[in-house]
Amino acid sequence: MAAESPLAFHHRSDVVLPVEAGRLFAYLDDHRRLSSHMEKPSLMTAGASMRIDTDAGHGQVVGSVIRMSGRVLGLRLGLEEVVTEHAPPHRKVWETVGEPTLLVIGAYRMGFSIEPLAGGSRLVVFIDYARPGRGLARLLGALVGGYYAAWCTRRMAEDARAAFPVPIQGPAPRER
């Protein structure tokens with residue numbers, strides 16, 4: 001039996017937006033803006049919120065570090081990410097360092113790509129992730145990790161859509 005790949009699970013959401021690729025990249029390159037859904041209590045975070053801190057690179061250069069911390073249901077959560085790709089205006093990728101202390105997903109690589117189109121851009125937000133390593137978190141990951149990953153990518157795509165609204169007949173974010 002083959003071993004499970006470290007980042008065996010995947011999700012992506014994409015949306016077409018009426019904004020030039022460079023402007024969209026600049027908007028998304030602000031990690032606090034991109035991850036703002038994590039700073040607000042919600043059902044998907046069990047009412048908790050995470051604090052986001054960046055180093056002097058502000059998450060906008062390769063090697064820059066982003067840290068998130070918070071509490072949910074009395075448990076301390078935290079993670080550290082490092083930017084591994086930064087190619088304006090087309091692609092940005094970051095990944096966790098070490099084993100994050102999260103409830104429903106483990107280590108992950110996340111990012112976005114932007115494809116210029118006539119009159120706009122296609123934004124794809126993706127996550128490749130592992131389940132948490134052990135205990136209750138591993139069980140929760142098996143039950144709801146996919147829903148959480150879908151929520152994260154969808155929130156980022158929807159937040160970009162809200163910043164650069166599409167005409168009413170425009171498509172909603174698609175998932176795969």
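## Ground rules

Buried means under 20% relative accessible area, exposed means over 50%, and partly exposed is what lies in between (1.4 Å probe, protein chains only). This is a predicted model, in which local features need pLDDT of at least 70 and side-chain atom pairs count only at pLDDT 80 or more, while totals for chains, interfaces and linings use all residues. Residues are numbered from 1 along each chain as its sequence is written, and side-chain values use heavy atoms, with hydrogens and water left out.

## The overall layout

The protein has three helices and eight strands; helices (H or I, at least four residues) and strands (E, at least two) are DSSP runs, numbered from the N terminus. Reading from the N terminus, the order is β-α-α-β-β-β-β-β-β-α-β.

Of the 176 residues, 45% are buried. Take the contacts (heavy atoms within 4.5 Å) with a separation of 6 or more: 55% of them join residues 24 or more positions apart.

## Helix α1

Helix α1 covers residues 21-28, and its buried residues include Ala 21, Leu 24, Phe 25 and Leu 28. Seen down the helix axis, the buried residues fall within an arc of 100°, so they line one face of α1. That arc is taken from the directions from the helix axis to the C-beta atoms. The general rule is that an α-helix has 3.6 residues a turn, so residues three or four places apart point the same way.

At the start of α1, a side-chain oxygen of Glu 20 comes to within 2.7 Å of the backbone nitrogen of Gly 22.

## Two buried polar residues

His 11 sits in strand β1 (residues 9-17) and is buried, at 13% relative accessible area. Its side chain makes a polar contact with the side chain of Thr 153 (3.0 Å). A polar contact is a pair of N or O atoms within 3.5 Å; within protein, one must be able to donate a hydrogen and the other to accept it, and residues adjacent in sequence count only if both atoms are side-chain atoms.

Asp 128, in strand β7 (residues 120-129), is buried too, with a relative accessibility of 13%. The side chain of Asp 128 has a polar contact with the side chain of His 10 (2.7 Å). Setting aside neighbours within four places in sequence, Asp 128 is in contact with Leu 7, Phe 9, His 10, Ala 107, Tyr 108 and Arg 109.

## Two partly exposed residues

His 90 is in the loop between β4 (75-87) and β5 (91-96), and at 40% relative accessibility it counts as partly exposed. His 90 and Ser 113 are 23 residues apart in sequence and 5.4 Å apart in space, C-alpha to C-alpha. Not counting residues up to four places away, His 90 touches Phe 25, Phe 112, Ser 113, Ile 114 and Pro 116.

Arg 71 belongs to strand β3 (residues 65-72) and is partly exposed, at 46% relative accessible area. From Arg 71 to Ser 49 there are 22 residues in sequence and 7.3 Å in space, C-alpha to C-alpha.
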